[in-house]
Amino acid sequence: MEEATILQWRVSPGAAVAKGDIVALIDTEKSEIELEIWDTGTIVDLVVTEGEVVRVGAPLARLSVTDASIPPAASLPRLAPRPTPPSMEPLPRERLGPGAATPSLRRPAHQPAVHSPLVRRLAENAHLALSDVVGTGPGDSITRADVERRARRVPASPLARRLAADRNLDLAAVAGSGPDSAVLATDLPPETAPEPGPTPSKATTMRIAIANLMTRSNREIPHYHLAQDIGLAAAMAWLETTNSEVGVARRILPAALLLRASALALAKHPELNGFWGNDGFQPGEGVQLGVAVSIRGRGLIAPAIIDADSLALPDLMAALRDLVNRARAGQLKGSEMSSATATVTNLGDRGPDLVHGVIHPPQVTLIGFGRITQRPVVVDGTIVAHPVVTATLAADHRATDGDRGARLLSTIDQLLQKPDRL
Amino acid sequence: MTNDEARKIVVAAISSIAPDADTEALAGDDDLFDALELDSMDQLNIVVAVNQETGLEIPERDYPKLTTVDRFAGYLVGAASAG
């Protein structure tokens with residue numbers, strides 16, 4: 001993400017904020033996101049206004065913090081995964097953001113250079129003061145062409161001149177009603193409504209974001225792929241019993257079981273939970289489990305369940321449900337969008353038997369689950385019908401080799417054979 | 001509960017869970033999963049919404065009976081009169 005639009009401020013100057021508070025709603029390529037602040041303090045002023053587009057890293061607000069060692073600033077974070085705990089980099093106070101004024105580029109008033117008596121005479125004849133002529137010759141000196149151009153200039157008020165330039169109008173074609181037939185702003189023809197052009201829809205921008213990420217993945221990451229069929233007889237039986245004992249609102253989906261097993265397995269195999277960058281592999285802090293969520297009619301988004309390995313199964317289910325609902329309503333938080341240390345894609349329900357994953361850089365792992373189906377399996381020498389899911393691993397070969405990936409899948413398998421311990 | 005009342009409840013539940021789903025164009029016998037691109041999370045949310053509206057708890061083993069608006073409505077009518 002390079003830039004975003006500030007849609008709505010949720011705080012105003014004077015407000016006390018604590019780390020983790022939502023301070024604004026911003027609009028990125030992918031969705032609307034609630035922006036959290038990472039410092040505790042009091043908002044001094046808001047540097048950018050609602051509706052303004054800001055580049056990543058630009059300061060958004062000034063803040064006085066209780067910890068005087070941190071220079072106070074809140075800035076737009078780069079929404080890409082970071083190996084360190086998410087925090088906004090404090091910016092030096094003097095850094096210019098989009099709100100800062102740039103010095104105006106007015107030419108200093110000085111005597112223009114005129115190298116030719118002829119040019120001087122032409123200017124006199126045209127009743128032009130040399131300081132009124134813009135010189136384009138060497139050293140900004142005034143040339144004959146400059147004088148002629150200035151002499152031909154249609155007299156017009158500065159406002160009319162600017163408006164005409166904005167609208168690409170030829171002043172010579174406008175009848176002037178000012179002094180000496182100068183063209184005034186009111187003489188300009190009325191503006192017609194601008195041609196409605198195609199506006200990039202949110203769907204397109206999400207598509208572009210996905211396209212960029214997937215292209216980068218294919219270009220940069222040497223993937224290896226592993227697959228494993230996992231028997232779910234014990235897991236599904238346990239789930240059915242557990243769900244029949246709780247109310248509808250507390251039912252646990254098979255997807256939550258698969259996510260729980262994945263989170264625990266990633267915690268056990270930290271070499272597959274993290275990022276690949278210029279300095280090699282950097283392990284993630286905790287398991288921030290990205291979940292691929294399809295947004296009807298628009299595309300795919302993979303926000304993270306924070307500290308997924310620390311959530312007991314009912315809490316993980318609740319977190320999953322909340323995350324999916326908010327993702328589909330466009331109400332994700334900035335930290336959820338930027339912190340995934342690994343991602344799971346579950347095409348479950350009506351999907352294919354298995355998923356050949358594409359890793360989301362800079363992560364190094366994508367775990368895939370296909371549809372849970374009844375399949376013939378061999379148990380004690382007999383063929384029986386059991387629910388089975390095919391789990392796949394797409395992994396970055398720069399970070400790990402096949403044997404490490406195989407261990408991860410094996411751990412997921414073992415965990416799912418003991419569902420009551422999940 | 002009449003069949004019409006049941007249909008209204010089902011469609012309202014679907015619309016609240018998937019506001020972007022095109023329920024207007026939905027025929028009574030269209031498969032909900034395919035026609036509206038619903039998944040198991042949507043299905044669970046719909047079942048919870050129906051439960052909040054009617055108090056009926058639909059057991060998981062009955063989910064395969066809820067694949068179209070017609071069948072869902074018929075199921076609700078049956079469950080309401082039984083309970």
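**View 1. What lines the largest cavity, by class?** The lining of the largest cavity in this predicted model counts 7 nonpolar residues, 1 polar and no charged ones. Here Ala, Val, Leu, Ile, Met, Phe, Trp, Tyr, Cys and Pro go down as nonpolar, Asp, Glu, Lys and Arg as charged, and the others, Gly among them, as polar. The lining residues are L32(B), F33(B), L38(B), Q43(B), I46(B), V47(B), L66(B) and F72(B). Two elements of chain B, α2 (32-36) and α3 (40-54), each give two or more residues to that lining, and α3(B) gives the most, with 3. Helices (H or I, at least four residues) and strands (E, at least two) are DSSP runs, numbered from the N terminus.

The volume is about 80 Å³, and a search of the whole structure turns up 4 cavities of 30 Å³ or more. A cavity is a set of points, on a 1 Å grid over the protein atoms alone, where a 1.4 Å probe fits but cannot get out; lining residues have an atom within 4 Å of a point. Points are joined across faces, edges and corners, and the volume is the space filled by probe spheres set on them.

**View 2. Chain A meets chain B.** The contact (heavy atoms within 4.5 Å) takes 18 residues from chain A and 22 from chain B. The two chains bury about 1,700 Å² between them, 48% of it on carbon and sulfur atoms; that is accessible area (1.4 Å probe) lost on being put together, summed over both parts. On the chain A side, R251(A), R296(A) and R350(A) lose the most area to chain B, together 41% of what that side buries.

**View 3. A salt bridge across the interface.** The side chains of R328(A) and D39(B) meet at 2.8 Å, N to O. The interface has 5 salt bridges by the rule (a Lys or Arg side-chain nitrogen within 4 Å of an Asp or Glu carboxyl oxygen). In chain A, α5 (233-244) and α7 (313-328) each give two or more residues to the side touching chain B, with α7(A) giving the most, 6 residues.

**View 4. Two backbone spots in chain A loops.** The peptide bond from P361(A) to P362(A) is cis, with omega near 5 degrees, and P362(A) lies in the loop between β17 (342-346) and β18 (365-369). D380(A), a residue other than glycine, has a positive phi near 50 degrees; D380(A) sits in the loop between β19 (373-379) and β20 (382-396).

**Notes.** Residues are numbered from 1 along each chain as its sequence is written, and chains are lettered from A and ligands numbered from 1 in the order in which they are written. Local features need pLDDT of at least 70 and side-chain atom pairs 80 or more, while totals for chains, interfaces and linings use all residues, and side-chain values use heavy atoms, leaving out hydrogens and water.

Conventions:
1 Å grid on protein atoms, 1.4 Å probe; cavity = no way out; pocket = protein on both sides within 12 Å on 5 of 7 lines; lining within 4 Å.
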